2 protein chains.
Amino acid sequence: MLTRIDHIGIACHDLDTTVAFYRSTYGFEVCHTEVNEEQGVREAMLRVNGTSDGGATYLQLLEPVREDSAVGKWLARNGEGVHHIAFGTPDVDGDAAAIGEKGVRVLYEEPRTGTMGSRITFLHPKDCHGVLTELVTSSPEH
Amino acid sequence: MLTRIDHIGIACHDLDTTVAFYRSTYGFEVCHTEVNEEQGVREAMLRVNGTSDGGATYLQLLEPVREDSAVGKWLARNGEGVHHIAFGTPDVDGDAAAIGEKGVRVLYEEPRTGTMGSRITFLHPKDCHGVLTELVTSSPEH
């Protein structure tokens with residue numbers, strides 16, 4: 001069961017410049033950064049608010065570390081902007097299986113590692129009215 | 001001060017079909033629908049979670065009612081997908097003025113009427129790293 005908007009993923013050319021924009025314009029601060037080699041991105045998480053399921057909603061700023069990464073190719077095609085949205089769930093495996101049974105293509109056979117040790121998968125945007133949609137279960141540590 | 005992600009605005013060709021997708025795939029229910037003639041859209045709000053500022057985060061599904069509306073033109077150019085993101089604030093006037101002073105173009109001279117009687121304005125996506133960004137103050141009734 002999807003219990004929150006976990007984050008909005010925003011692709012950018014330069015992470016530092018974009019972080020600086022979000023800080024100076026809105027006052028949002030970075031609470032976490034990491035490089036996810038498998039996803040091919042350098043990323044910064046900006047916490048916007050807490051959520052009623054005990055989690056939080058973040059902006060996730062994404063800079064590709066390789067041009068041939070999914071985000072790198074998307075950025076070359078579309079320019080900067082909203083890349084995906086992510087729903088939080090306590091059970092990414094169960095939800096991905098249930099959604100897959102409804103005919104929506106799930107992009108990973110098994111969930112992979114996302115930000116802050118989370119487990120994530122993606123749903124095909126063509127099956128979701130044009131929205132690349134992530135499902136995420138946070139690490140118990142976060 | 002921006003205190004939450006208020007909603008993610010998603011443009012679609014057919015509101016009923018898209019509402020049915022979000023209900024059957026994820027279990028999200030429509031809590032409000034309206035036609036906003038000024039914005040040229042028919043819209044449905046799906047509440048996803050409550051937020052730590054006492055508000056909530058929604059998905060806002062948007063179908064243009066006129067091809068020459070902003071959303072209609074965007075949809076013709078981009079196809080279905082995430083159209084904008086919206087931050088909630090108790091003071092859209094003050095925040096829009098402060099952000100405008102930092103050199104970000106604010107699209108309305110005065111906030112206009114948004115969903116459920118809210119007051120809204122938009123920031124130019126070219127000044128926001130490609131993200132059309134809305135600021136919204138909810139109506140006291142909601």
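Predicted model: local features only at pLDDT ≥ 70, side-chain atom pairs only at ≥ 80, totals over all residues.
Begin by selecting B:Val41 and B:Pro64: the latter, in strand E4 of chain B, is the bridge partner of B:Val41.

Proceed to B:Leu59 in E4(B), the bridge partner of B:Leu46. B:Leu59 also has B:Ile8 standing opposite. Strand E1 (residues 4-11) of chain B is joined to E4(B) by 5 bridges, and these two strands run parallel. Colour E4(B), residues 56-64, by accessibility: 8 of its 9 residues are buried.

Now display the whole sheet of chain B. It is open and consists of 8 strands in the order E2-E3-E4-E1-E5-E8-E7-E6, with mixed pairing. At the edges are strand E2 (30-36) and strand E6 (112-113), each of which pairs on one side only.

**Where the chains meet**

Show both chains together. The contact takes 36 residues from chain A and 36 residues from chain B. About 3000 Å² is buried between the two chains, 68% of it on carbon and sulfur atoms. Select A:Ile5, A:Tyr26 and A:His129, the residues of chain A that lose the most area to chain B; together they account for 22% of what that side buries.

What kinds of polar link are counted between the chains? There are 12 residue pairs in polar contact, while the count of salt bridges between chain A and chain B is 0.

Next, select the elements of chain A that give two or more residues to this side: strand E1 (4-11), helix H1 (15-26), strand E3 (41-50), strand E4 (56-64) and strand E5 (81-88). The largest share, 7 residues, comes from H1(A). By class, the side of chain A that touches chain B has 18 nonpolar, 14 polar and 4 charged residues.

Select A:Arg4, in strand E1 of chain A. Is A:Arg4 buried or exposed? A:Arg4 counts as buried, because its relative accessibility is 6%, below the 20% limit. Its side chain makes a polar contact of 2.9 Å with the side chain of A:Asp6, and another of 3.0 Å with that of A:Ser138. Beyond its neighbours in sequence, the residues in contact with A:Arg4 include B:Val48 and B:Asn49 of the other chain.

**Salt bridges within each chain**

Over all chains the count comes to 20 salt bridges. Select A:Glu37 and A:Arg66, whose closest N and O atoms are 4.0 Å apart. A:Glu37 lies in the loop between E2 and E3 of chain A and A:Arg66 in the loop between E4 and helix H2 (70-78), so the pair ties together parts 29 residues apart in sequence. A:Glu37 is exposed at 55% relative accessibility, whereas A:Arg66 is partly exposed at 34%.

Finally, select B:Asp16 and B:Arg42, a salt bridge with closest N and O atoms 3.4 Å apart. B:Asp16 lies in helix H1 of chain B and B:Arg42 in strand E3 of chain B, so this pair ties together parts 26 residues apart in sequence. B:Arg42 counts as partly exposed, at 27% relative accessibility.

Terms used: Residues numbered from 1 in each chain as written. Chains lettered and ligands numbered in written order. Heavy atoms only, no water. Contact = heavy atoms within 4.5 Å. Buried area = accessible area lost by both parts, 1.4 Å probe. Salt bridge = Lys/Arg side-chain N within 4 Å of Asp/Glu carboxyl O. Polar contact = N/O pair within 3.5 Å; in protein donor to acceptor, adjacent residues only side chain to side chain. Helix = DSSP H or I, 4+ residues; strand = E, 2+ residues; numbered from the N terminus. Nonpolar A, V, L, I, M, F, W, Y, C, P; charged D, E, K, R; others polar. Buried < 20%, exposed > 50% of the residue type's maximum accessible area, 1.4 Å probe, protein only. Pairing = 2+ DSSP bridges. Lists of a residue's contacts leave out its neighbours within four places in sequence.
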